[in-house]
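Let's take a walk through this fold, starting from the inside and ending at a pocket. Have the sequence and the model open as you read.

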Amino acid sequence: MPRAFLVVMDSVGIGGAPDAASFFNDGVPDTGANTLGHIARACAAGEAEEGRSGPLRLPTLSALGLGRATALASGLEPPGLDAAPTGFWAAATETSPGKDTPSGHWELAGLPVPWDWHYFPDKQNSFPQEVIDAAIAAAGADGILGNCHASGTVIVDELGPEHLRTGRPICYTSADSVFQIAAHEAAFGLERLYDMCRALAPMLHAMKVGRVIARPFLGDETNGFARTGNRKDFAIEPPAPLLTNWVQEAGAHVYAIGKIGDIFSMTGIDELRKGSDEVLMGHLHDLVEEAEDGSLTFANFVEFDSLYGHRRDISGYARALEWFDGEIGRLLPKLRDGDMLLLTADHGNDPSWTGTDHTRERVPVLIAGRGVGSAGQVMFADVAASVAAHLGVPAQGPGRSFL
């Protein structure tokens, strides 16, 4: 029986979203943003030399069709990614009214978001008083810190010392539909942080805030602060069956790698494996060797986005892409006859762009195990329908298989 491996390269957009002008970074529309294309162009120009050097080297992804998909999506031909494809490729367009993680993942899994997310648009004093009061009660503290838009790493550096002095949790948001809470794992307590998120989640979900995110960190003012790997997302549960449900209901096993379990509130998931991207890649290699026939493995590699996209670090993003390319190159020979590996993304996060937010972009669809060719322009929901078709599972929702 066939197996399917659906791997999301978080934020590896390829430009060209037709509605990019309706999405903004610091008041600037996302028109023209192109995560992959602009990284490749910066590398070719010698502008991404920290920890690496020269043109962007992605021989595996290029051979699967990444350069062709980028050119199709946006018209930009990324320097150095001109290999003749030996895989099956496409460029996918999102319809959901958001450029956030749940919108992209839900639609890739066959469910376009059926509502408008709630955002906190004010950069300062971002939260209404009822949310602040609920956060204080849930924390058992005498107040909160933050109450603003912020980069998670920056705000921890700025407010970490005050957090340790006062015991007040650091609450912040972004252009995404999120309420994020940073707290010291030891001084505040990891389980206490999780309990605070759980207590707040029903209220915020009722407002259609997509995620309440626990952002634990360690360290001190003298030695600095660093976030740990114990992030946990408390996301709205999807309102209808998704690809994971379709596969599970057909009697097959569903594995989740990374934050997939959080994004889907464990809906339709049998087994979850977490860790840093390096650890997650080990899990993916293991499951390619061990997962049973008929199974779906659904993975997310987040560090492109969290470590490099939001921080507008072109060199770091290029290093991550080159590492990932090498790992996928080692993975491909392990695939069995009948396996399909589908690589895609959930949105963009162009590190050359203004601001710190995601960018509205099309995404690549790169497939190993289904021959050579192209489906051209497809929709996000078509990814779920195509994975279901490969596995012989009945599909629901608006997507159509392009296989």
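Which residues touch the most other members of the largest nonpolar core? In this predicted model, they are Leu243, Phe324 and Leu343, out of 88 residues in that core. A nonpolar core here is a set of buried Ala, Val, Leu, Ile, Met, Phe, Trp, Tyr and Cys residues joined through side-chain atoms within 4.5 Å, and buried means under 20% relative accessible area, with a 1.4 Å probe and protein chains only. Helix 12 (residues 314-331) brings the largest share of this core, eight residues. Helices are DSSP runs of H or I with at least four residues, strands are E runs of at least two, and both are numbered from the N terminus.

Phe324 is in contact (heavy atoms within 4.5 Å) with Val7, Met9, Leu61, Met281, Phe301, Phe304 and Leu343, leaving aside neighbours within four places in sequence. There's also a second, separate core of 25 residues, with Ala135, Ala141, Leu200 and Ala201 among them. In soluble globular proteins, nonpolar side chains tend to be buried together.

A quick word on the ground rules: residues are numbered from 1 along each chain as its sequence is written. Local features need pLDDT of at least 70 and side-chain atom pairs count only at pLDDT 80 or more, while totals for chains, interfaces and linings use all residues, and side-chain values use heavy atoms, leaving out hydrogens and water.

Now for helix 5 (residues 129-139), whose buried residues are Val131, Ile132, Ala135 and Ala139. They sit on the same side of helix 5 because they cover an arc of only 100° around the axis, taken from the directions from the helix axis to the C-beta atoms. Their cover includes strand 5 (145-149), strand 7 (178-184) and helix 7 (185-206). Just after helix 5 comes Gly140, with a positive phi of about 65°.

Over in helix 4 (residues 101-108) you'll find Thr101, which counts as buried because its relative accessibility is 1%. Beyond its neighbours within four places in sequence, Thr101 contacts Asp10, Arg211, Lys259, Ile263, Asp346, His347 and His358.

Last stop, the largest pocket. Its lining has 41 residues, and Ser174, Ala175, Asp176, Thr356 and Asp357 lie nearest the centre. Strand 8 (211-220) is among the suppliers of at least two lining residues, and gives the most, with three residues.

| Class | Lining of the largest pocket |
|---|---|
| Nonpolar | twelve residues |
| Polar | 16 residues |

Terms used: Buried < 20%, exposed > 50% of the residue type's maximum accessible area, 1.4 Å probe, protein only. 1 Å grid on protein atoms, 1.4 Å probe; cavity = no way out; pocket = protein on both sides within 12 Å on 5 of 7 lines; lining within 4 Å. Nonpolar A, V, L, I, M, F, W, Y, C, P; charged D, E, K, R; others polar.
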